[in-house]
Amino acid sequence: MRSFWGGTALRGLLCGPRVPGPSPVRQSSGGPSWTPERTLVAVKPDGVQRRLVGDVIRRFERRGFRLVGMKMLQAPESILAEHYHDLRRKPFYPALISYMSSGPLVAMVWEGHNVVRTSRAMIGDTDSSEAAPGTIRGDFSIHISRNIIHASDSVEGAQREIGLWFRSSELVDWTDRGSQGNASAA
């Protein structure tokens, strides 16, 4: 005789009753059927200074995205000038470049399904007074000029920005191997 916690009784408690007929779960051929996107996310100098890098990483990991590149650096003005090229005629441009080069930042490349659009939603509105609670800027930003984080605004923009901040050799292709924690470089 089987104990209550063995066999079908336990399976019924954990999985619910078995319904006759075809399985309601579609069988997969071994992984996602979408092509993962990549995006650039950078914790700006105010986020690094306030020690929020771990909070940002935690949110992206919990969302299920895969970190494929990361580095901490003092951004050279040449990279910043190229990164913010579209803003060069704005009156705040000199202050932006000065601020972004004032301390270290942490640049990251995240990969996953719809990561560009989802990361923009996660970080919230550029203006901290408009950023919703629960977003990174809504929870941590104190002013529009000190808004903690940058994330690419389009797939094309992400490709351009990733190429600006990272060499291809600095990015890792890896597959989640489940609880084993194995990662392999491509």
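1. A salt bridge here is a side-chain nitrogen of Lys or Arg within 4 Å of a carboxyl oxygen of Asp or Glu. Helices (H or I, at least four residues) and strands (E, at least two) are DSSP runs, numbered from the N terminus.

2. Before going further, please keep in mind that this is a predicted model, in which local features need pLDDT of at least 70 and side-chain atom pairs count only at pLDDT 80 or more, while totals for chains, interfaces and linings use all residues. Residues are numbered from 1 along each chain as its sequence is written, and side-chain values use heavy atoms, with hydrogens and water left out.

3. Arg-38 has another partner: its side chain meets that of Glu-111 in a salt bridge (2.9 Å, N to O). Glu-111 lies in strand β3 (residues 104-112) and Arg-38 in strand β1 (residues 37-43), so the two tie together parts that are 73 residues apart in sequence. Arg-38, Glu-111 and Asp-173 also belong, with Arg-66, to a network of salt bridges.

4. How accessible are these residues? Buried means under 20% relative accessible area, exposed over 50%, and partly exposed in between (1.4 Å probe, protein chains only). Glu-111 counts as buried at 10%. Arg-38 is partly exposed, with a relative accessible area of 22%, and Asp-173 is partly exposed at 41%.

5. The whole structure holds seven salt bridges. One of them joins the side chains of Lys-71 and Glu-170 (3.1 Å, N to O). Because Lys-71 lies in strand β2 (residues 66-74) and Glu-170 in the segment after α8, this pair ties together parts that are 99 residues apart in sequence. Lys-71 is partly exposed at 22% relative accessibility, and Glu-170 is partly exposed at 25%.

6. Next, have a look at the largest pocket, which has about 720 Å³ of space. Its lining has 24 residues, and the closest to its centre are Lys-44, Tyr-84, Leu-87, Leu-96 and His-150. The elements giving two or more residues to this lining are α5 (93-100), β4 (149-151) and α8. On a 1 Å grid over the protein atoms alone, a pocket is an open set of points with protein on both sides within 12 Å along at least five of seven lines, a cavity is a set where a 1.4 Å probe fits but cannot get out, and lining residues have an atom within 4 Å of a point.

7. His-150 is in strand β4 and counts as buried at 13% relative accessibility. Leaving aside neighbours within four places in sequence, His-150 is in contact (heavy atoms within 4.5 Å) with Leu-40, Val-41, Ala-42, Lys-44, His-83, Arg-137 and Glu-161.

8. Which residues line the largest cavity? They are Leu-40, Ala-42, His-83, Tyr-84, Met-100, Leu-105, His-150 and Trp-165. This cavity has about 40 Å³ of space, and the structure holds one cavity of 30 Å³ or more.

Technical notes: Grid points are joined across faces, edges and corners, and a volume is the space filled by probe spheres set on the points.
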